[in-house]
Amino acid sequence: MKYSPNRLRFLASVLVFLSVACASLPSDYPPPPQSAALAPDPTTSLASYAAKFARLHGSGASGFAAVDPNSDGLLWRLAMVDSAEQSIDMLYYVWYADPGGLLLLEHVMQAAERGVRVRVVVDDTLFLKGKQGLANLSAHPNIEIRIFNPWATKGISRGFESATNLNRLNHRMHNKLLIADNQMAILGGRNVGDHYFGLHHRYNFHDLDVVVLGDEATESSEIFDHFWSSDQVMAAEVFVKESSWAAIEPVRMKRLEELRQADELEMFPIERKDWSESLEDLVARMSPGSSTVEYDRLIPNSPAPTQDAVARLADIVAQAQREVLVVNAYIIPGERMMEIVRNATERGVRVRMLTNSLASNDVPAVTAKYKKYRRPFLEAGAELYEFRAHPEIQQGIVDTDPVTARFAGLHTKTAVVDRRFVYIGSLNLDPRSIQLNTEMGMIVDSPGLAAEVAAIAERDMDPANSWRVHLDETGELYWESTDGIVKKQPAQNSWQRFQLWVFGIVPEGQL
């Protein structure tokens, strides 16, 4: 009997669906060993820099510095990993197996080989080359990797698995955090991969992190340990029959040679280096301050986390007296956020907001829902800006030399209130981040850091980098930048505009 191509495709889909329906996560395995963040050791080199900062600014003072250029996003992660002497804890949503991701991984492996304890929690959305690779890495005596909310399947089957188990798998761990020796931390919007380090040739994200030194960095270990000990993570090795550190070596040698030959990595060290000069400069330019870590807690036996990450941010914005600067990649505000904005402008607070334009957005579906809020934002008295796909800051800030990407997109998640309080973290201002994913961030009370981040935000809102959205006298929208005035929202091509129309049918709560 001959089958038509359509029938064969249908039968294949049925087989995939049935295989997914039968798939299940491992259940018969010993519980992983429990561990917690190591107490800060005052004899480590990173502790010496924290102590030096405290001598400059007062006992117990912690330091904060914004990480603006994408090249610095990778350099500071390498510096922290290379400088670690006791421990490295990493919590990440995405880690690509591209030059930037593999370079950081190589430095992490070098750290483990010199005796540093490495713990990693990753979401199962996209991390390197799958669970076998993670299990092989975890076979090293100094490396342990756990996977958050894992899928039972891989590849195209995940689409069917998600459809059959949406309540659990729709909740992802969107956090981004690296802690070295429990003395220094970096957190913010950057995942690990070329798009976030300015190394991708198609597009790169404009993003922002904060480096923290001292006691406030130690506080961020609370977030890591919360996820590390959760019943919603599983050890990587339980997914495979056997794992072997030795199996990594031939692949590692090949990748190392590729990294050495990669033009994109010409400014980054392949091997461990001494970062003492960079760390001395960092101590000199850091701003003193205090902070709180804000994160969504996992609830035992429940897929949905708390919504703590957004609650404190909403509180400080609601209490603003003079000014609010918001830079956020994905904004679908909902009525509560609109109410906060209206209340702020009514009491005389200047509110400025920057988000992606359709042209710069890597997720046109978000613009499909955000676009209906442009007019309400402007009518509420806020100033609204949209990032340009080819901003003046693309070369040197977004793209890392010698790379020149086809376009730039905004990925930052930050806010500055009254030039005193700063939020930097992973939280997008959309329903998925607020209601479904786990998010994290830090709210810092530091006029110095606030001035630094506000200057970055205002630069990004400049007409050379963004379109300002206006309402004309007839109530129609128009966009203004150094390129002039346009009456239709900026887009790269008609395909983007078509996607905008298609994604209009996606439920807002899933974005």
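R77 and D209 are both buried (under 20% relative accessible area, with exposed meaning over 50% and partly exposed anything in between, using a 1.4 Å probe and protein chains only). This is a predicted model, so to speak of local features a pLDDT of at least 70 is needed, side-chain atom pairs count only at pLDDT 80 or more, and totals for chains, interfaces and linings use all residues. Residues are numbered from 1 along each chain as its sequence is written, and side-chain values use heavy atoms, with hydrogens and water left out.

**Salt bridges**

The term covers a side-chain nitrogen of Lys or Arg within 4 Å of a carboxyl oxygen of Asp or Glu. R77 sits in helix 3 (residues 70-83) and D209 in strand 8 (residues 209-213), so the bridge ties together parts 132 residues apart in sequence. Helices (H or I, at least four residues) and strands (E, at least two) are DSSP runs, numbered from the N terminus.

A search of the whole structure turns up 28 salt bridges. Here are three of them, including the one above.

| Pair | N to O distance |
|---|---|
| E383 and R468 | 3.8 Å |
| R388 and D483 | 2.6 Å |

E383 and R468 meet in a salt bridge, and this pair links strand 13 (residues 383-387) to strand 18 (residues 466-471), 85 residues apart. E383 counts as buried at 13% relative accessibility, while R468 is partly exposed at 30%.

With R388 and D483, both partners are in loops: R388 between strand 13 and strand 14 (407-410), D483 between strand 19 (477-481) and strand 20 (484-486), so parts 95 residues apart in sequence get tied together. R388 is buried, at 8% relative accessible area, but D483 is exposed, at 57%.

**A helix pair**

The axes of helix 2 (residues 45-57) and helix 12 (residues 276-285) come within 10 Å and cross at roughly 25 degrees. That makes the two roughly parallel (angles under 35 degrees). On the helix 2 side, the contact (heavy atoms within 4.5 Å) is made by L46, Y49, K52, F53 and L56; helix 12 brings S276, L279, E280 and V283.

Conventions
Axes are lines fitted to C-alpha atoms, for helices over the stretch in contact, and angles run from 0 to 180 degrees between N-to-C directions. Angles under 35 degrees count as roughly parallel, over 145 as roughly antiparallel, 65 to 115 as roughly perpendicular and the rest as oblique.
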